[in-house]
Amino acid sequence: MKYNTACKKKFNKTACALLFCALAFFSLLSTPARAAIIQGNGAVFGGEISSLAYIVINAETGQTLYAENENTRMYPASVTKLLTLALAMEKCQGDYTATVTATEECVVRDYTLSHIAIQPGEVFSLEQLFYAAQLMSANDAANALAIYVGGNLQGFEEIANAKLTALGCTGSYFTNPSGIPDQGHYTTAADIARIAQYALSVPGMAALMGAVEYTIPPTNLQSESRLLGTSNLMVVTSKYYYEGVIGGKDGWTQEAGHTLVTVAEQGGQTLICVVLGAEHKYADYKDAHALLNAAFGNFEVLPMEISCGGQTVPVTAAAGPVGTITITGGSFTMLSVPKGTAATGITATYNIAASYEDGAAINPTVSYTLAGEDEPFCTVPLAYTIAASAGGATAANATAANATPLPAGEDGSTPTISQGAETALKAATATLVLLAFAYAQATGAAMRKNAKRRHRLNPGAPKNN
């Protein structure tokens, strides 16, 4: 079966989606690159960052080093697939040879979207679907993985959003496994960073995120091999390759702009960088380089030993004690601190209750504060074990033990549109909307030309998302 390379641009977006695009994208994206003063725990970097939202976090602790508009809700495009891939990989527990038979629900009929021409009844291994979704950003492969996870796409939506809630992604809701534009499908830079943290915790995901090529051999319905290659220039030899890169995921739709997640390690410090709403393909790379260079240049990793290991705390119910938890000892928190900071200049405060109520959340944490500062720059969960059966506490423990650490300053509350963005929305007028339509028409041809160029360079390459 030959790939259908026809470019059938559809202009049937709803009025609400157009308004969202006009206000959020035109009012910010079409302006020249703005000077951003990025601050992070004492380190200051001045640079040109054009992406609408970004965040850099420590991959282990979740502490925020640099961020702007990180809680503003935006379209994610294909970085959505990080959650789809992680959920499927977590479910298979390393059995990548397990097979999946594609159903009609997997098939992509809009050939302007990324796909590998999956047909109903075609059989793939999970490994083949993993690489197709990661490297080619194939929406049909993502659909197949989603159905593997949830039984059907509706079931996947429920599981995916339950996972988002468990991760503390209060600014996100996913309606599909691929990031195809939908008014109800949105996220924030901070939430995508949490998703990336979760993905890195799943065995096999880091290697997949760093993959550059793969071949799917002929299948029961396809006589030709499918040659897959990444479009992420951060992970291949190119002008935009990043030293120490572990992997990442890129995405693009006209509504979302360019989106990029990059994981990199230098000097024992692993960082996650997320940029959303970059104005062109290379702007996301440039912004990621600038942000990661600033983070690695200004921060270093400092191991801080957990000194409360072995502490036992009772879990009680109305009738009395029902069990205990014990804080895990012998572990370290790998903090990102301004270069030159000594451990003696950091105060650790352990937030452990005298007792926990059976059935309630069990959430002991440790907070770190720099000398001379009033507020902690990082708070992370403490690992612990159940020393005896605690009924409902066991379920609470499972949730808390697997929770992704929140960046400093996050309290788990639902984020709202940033003050600047809210002001811009209130001030938007009909004139802005009309200009946005004109802008979309002027830039649409250029975007399509760029997509066609990518397709010519790699005949199997996706042209959208």
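This is a predicted model: local features need pLDDT of at least 70, side-chain atom pairs count only at pLDDT 80 or more; totals for chains, interfaces and linings use all residues.
## Helices H3 and H4

Helix H3 spans residues 126-135 and helix H4 residues 139-150; their axes come within 8 Å and cross at roughly 130°. That angle makes H3 oblique to H4. The crossing of the two helices is left-handed.

On the H3 side, the contact is made by Leu126, Leu129, Phe130, Ala132 and Ala133, which meet Ala141, Ala142, Ala144, Leu145 and Tyr148 of H4. By class, the residues of this contact are ten nonpolar, no polar and no charged.

## Tyr96 and Phe130

The whole structure contains seven aromatic pairs. One of them joins Tyr96 and Phe130, whose ring centres are 6.0 Å apart; the planes stand at 85°, so the pair is edge-to-face. Tyr96 sits in the loop between helix H2 (81-92) and strand E5 (99-101), while Phe130 belongs to helix H3, so the pair links distant parts of the chain, 34 residues apart.

Tyr96 counts as partly exposed, at 25% relative accessibility. Phe130, which also takes part in the contact with H4, is buried, with a relative accessible area of 1%.

## Tyr242 and Phe296

The rings of Tyr242 and Phe296 have centres 6.4 Å apart and planes at 25°, so this pair is stacked. Tyr242 lies in the loop between strand E8 (226-229) and strand E9 (245-253), and Phe296 in helix H8 (residues 281-298); the pair therefore ties together parts 54 residues apart in sequence.

Tyr242 is buried, with a relative accessible area of 3%. Phe296 also counts as buried, at 7% relative accessibility.

## Tyrosine cluster

Tyr240, Tyr282 and Tyr285 form one aromatic cluster.

Key: Residues are numbered from 1 along each chain as its sequence is written. Side-chain values use heavy atoms; hydrogens and water are left out. Axes are lines fitted to C-alpha atoms, for helices over the stretch in contact, and angles run from 0 to 180 degrees between N-to-C directions. Helices (H or I, at least four residues) and strands (E, at least two) are DSSP runs, numbered from the N terminus. Angles under 35 degrees count as roughly parallel, over 145 as roughly antiparallel, 65 to 115 as roughly perpendicular and the rest as oblique. A crossing is left-handed if the near helix is turned anticlockwise from the far one by less than a right angle, and right-handed if clockwise. Contact means heavy atoms within 4.5 Å. Ala, Val, Leu, Ile, Met, Phe, Trp, Tyr, Cys and Pro count as nonpolar, Asp, Glu, Lys and Arg as charged, and the others, Gly among them, as polar. Rings of Phe, Tyr and Trp (its six-membered ring) pair if their centres lie within 6.5 Å; planes under 30 degrees apart count as stacked, over 60 as edge-to-face and the rest as tilted. Buried means under 20% relative accessible area, exposed over 50%, partly exposed in between (1.4 Å probe, protein chains only).
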